[in-house]
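Subject: Structure handover

Hello,

Here is the structure for your records, with the sequence alongside. My notes on what was found follow below.

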Amino acid sequence: MEQRIKSYRDLKVWQSAMTVAEDCYRLTKEFPRDEIYGMTSQMRRSAVSIAANIAEGYGRENRGSFVQFLRMAQGSLKELETHILLACRVGLLRKDNEIELLLRCEEIGKMTRSLIRTVQAKQAE
């Protein structure tokens, strides 16, 4: 039985993006204080932007706009992945945390692409 989506908060992709954003906040608390306006801020902003774009696009109540915002969420996701890779390279993030976050990002990317295809198919009907 298919569950009806009543809010962006019902979307699994939004829920996963929120979890990744929470994880980024927790992990960046451990970054050096001099990174507060650098990597800490960049990682947090890009992580939050993923969920925020999904929510904003859903709220537009227009399939074309929703797809556009889902694509922006994908861009923010790639930005976050880049920050994660760099943070590990420069010793701010442990390798196990990098691997875990990147796996979650990959999952969010797959869900986002699938949602884009679904929304576009409904738009074409």
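The chain has four helices and zero strands. Read from the N terminus, the order of elements is α-α-α-α. Please keep in mind that this is a predicted model. Along the principal axes, the C-alpha atoms take up a box of roughly 50 × 25 × 20 Å. The chain has 125 residues, and 40% of them are buried.

Helix packing

Two packed helices are described by the angle between their axes and the distance between the axes.

I start with α2, which covers residues 39-59, and α3, which covers residues 63-89. Their axes are 8 Å apart and meet at an angle of about 160°. Angles over 145 degrees count as roughly antiparallel, so α2 is roughly antiparallel to α3. The crossing of α2 and α3 is left-handed. Sorted by class, the residues in the contact of α2 with α3 are 16 nonpolar, eight polar and two charged.

The next pair is α3 with α4, where α4 spans residues 95-124. Here the angle is about 165° and the axes are 10 Å apart. By that cut-off of 145 degrees, α3 and α4 are therefore roughly antiparallel to each other. Their crossing is left-handed. The contact of α3 with α4 is made up of 15 nonpolar, six polar and eight charged residues.

The remaining pair is α1, residues 12-28, with α4. The two helices pack at about 155°, with 10 Å between their axes. That angle makes α1 roughly antiparallel to α4. The crossing of α1 and α4 is left-handed.

Two residue pairs give a sense of how separation along the chain relates to separation in space. Met111 lies in helix α4. Between Met111 and Val13 there are 98 residues of sequence separation, yet their C-alpha atoms are 5.9 Å apart.

Tyr37 is in the loop between α1 and α2. Its relative accessible area is 78%, which means that Tyr37 is exposed. Tyr37 and Glu107 are 70 residues apart along the chain, and 28 Å separates their C-alpha atoms.

Aromatic residues

How many aromatic pairs does the structure hold? There are two.

One of them is Tyr8 with Trp14, in an edge-to-face arrangement. The ring centres are 5.2 Å apart, and the planes stand at 75° to each other. Tyr8 has 27% relative accessibility and so counts as partly exposed. Trp14, at 14%, counts as buried. Tyr8 also has a charged neighbour: Arg9 lies over the face of the Tyr8 ring, 5.6 Å from the ring centre.

Tyr58 and Phe66 form an aromatic pair as well, and this pair is edge-to-face. The distance from centre to centre is 5.8 Å, with 85° between the planes. Tyr58 is partly exposed, because its relative accessibility is 25%. Phe66 is buried, with a relative accessible area of 9%.

Backbone

Is Glu61 buried or exposed? Glu61 is exposed, as its relative accessible area of 77% shows. This residue sits in the loop between α2 and α3. The phi angle of Glu61 is near 55°, a positive value in a residue other than glycine.

In brief

For quick reference, these are the helix pairs again:

- α3 and α4: about 165°, axes 10 Å apart.
- α1 and α4: about 155°, axes 10 Å apart.

The aromatic pairs, again for reference, are Tyr8 with Trp14 and Tyr58 with Phe66.

Regards

How values were computed
Residues numbered from 1 in each chain as written. Predicted model: local features only at pLDDT ≥ 70, side-chain atom pairs only at ≥ 80, totals over all residues. Heavy atoms only, no water. Axes fitted to C-alpha atoms, helices over the stretch in contact; angles between N-to-C directions. Parallel < 35°, antiparallel > 145°, perpendicular 65-115°, else oblique. Left-handed = near helix turned anticlockwise from the far one by under 90°. Nonpolar A, V, L, I, M, F, W, Y, C, P; charged D, E, K, R; others polar. Phe/Tyr/Trp six-rings, centres within 6.5 Å; stacked < 30°, edge-to-face > 60°. Buried < 20%, exposed > 50% of the residue type's maximum accessible area, 1.4 Å probe, protein only. Lys NZ or Arg CZ within 6 Å of the ring centre and 35° of its normal.
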